Amino acid sequence: MTELYIIRHCQATGQEAEAELTDIGKLQAIELADSLQSVGIDYIVTSTYERARCTIEPLAQRIGLPVNEDERLIERVLCGNSHQNWREMLRRTYDEPELCYEGGESSCAAVERALQVVQSILSASYERPALVSHGNLISLLLRHYESSFGFAEWERLSNPDVYVIKMQPEHTVIERVWV
């Protein structure tokens, strides 16, 4: 059985790729390391965004693992321009997964690239890998394994947040382990 840890980054200063962790986010990263250091994580892969990498570095240093970056784990781009009604636009993409706004990426396309990363992790036979990414992409990935995970669950995600996907041949179980 593989237990895939899905980790949302800690509190950050913004949404751009270079956004750093806030002072609170830096403390959260240490708390995250405290919480996860004894679970036996044996592989770490993260989004190339600064806030994701900095979220997992304290844990990686403690357990002596490298931080592997994968561009396929960057946040999903909803659309090319900012819109005041972006939340409603985002909500629609959970109901219409093929919906793609101009300059953006559909839910289907986004989850497909995340699943490519998951498949490469699973084929490497890690027992407890950790994947660090961003709220919308994580919610789409969790939705792939649990169809009831949608917009409302995305809204309830915290920074940071941690889910474990327990992958067994017969079935998959998702558990939120961050409190």
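What covers the buried residues of H1? Bear in mind that this is a predicted model, and begin by selecting helix H1, residues 23-36, whose 14 residues reach 20 Å from the first C-alpha to the last, close to the 20 Å expected at 1.5 Å a residue. Now show the side chains of Gln28, Ala29, Leu32, Ala33 and Leu36, which together with Gly25 are the buried residues of H1; because they cover an arc of only 145° around the axis, they lie on the same side of the helix. The cover over these residues includes S1, helix H2 (50-63) and S5, while Asp23 and Leu27, on the other side of H1, are exposed.

Next, select the sheet, an open one in which 6 strands follow the order S3-S2-S4-S1-S5-S6 with mixed pairing. Its edges are strand S3 (68-69) and strand S6 (172-176), each of which pairs on one side only. Strand S5 (residues 161-167) pairs with S6 in the antiparallel sense over 5 bridges, and lysine 166 has valine 173 in S6 as its bridge partner.

Finally, select helix H3 (residues 86-95), in which Met89, Leu90, Thr93 and Tyr94 are buried; their arc of only 150° around the axis puts them on the same side of H3. These buried residues pack against helix H4 (107-123), helix H5 (135-145) and helix H6 (151-156).

Terms used. Residues are numbered from 1 along each chain as its sequence is written. This is a predicted model: local features need pLDDT of at least 70, side-chain atom pairs count only at pLDDT 80 or more; totals for chains, interfaces and linings use all residues. Side-chain values use heavy atoms; hydrogens and water are left out. Buried means under 20% relative accessible area, exposed over 50%, partly exposed in between (1.4 Å probe, protein chains only). Helices (H or I, at least four residues) and strands (E, at least two) are DSSP runs, numbered from the N terminus. The arc is that of the directions from the helix axis to the C-beta atoms. Contact means heavy atoms within 4.5 Å. Two strands pair if DSSP finds at least two bridges between them. The expected span of a helix is 1.5 Å times one less than its number of residues.
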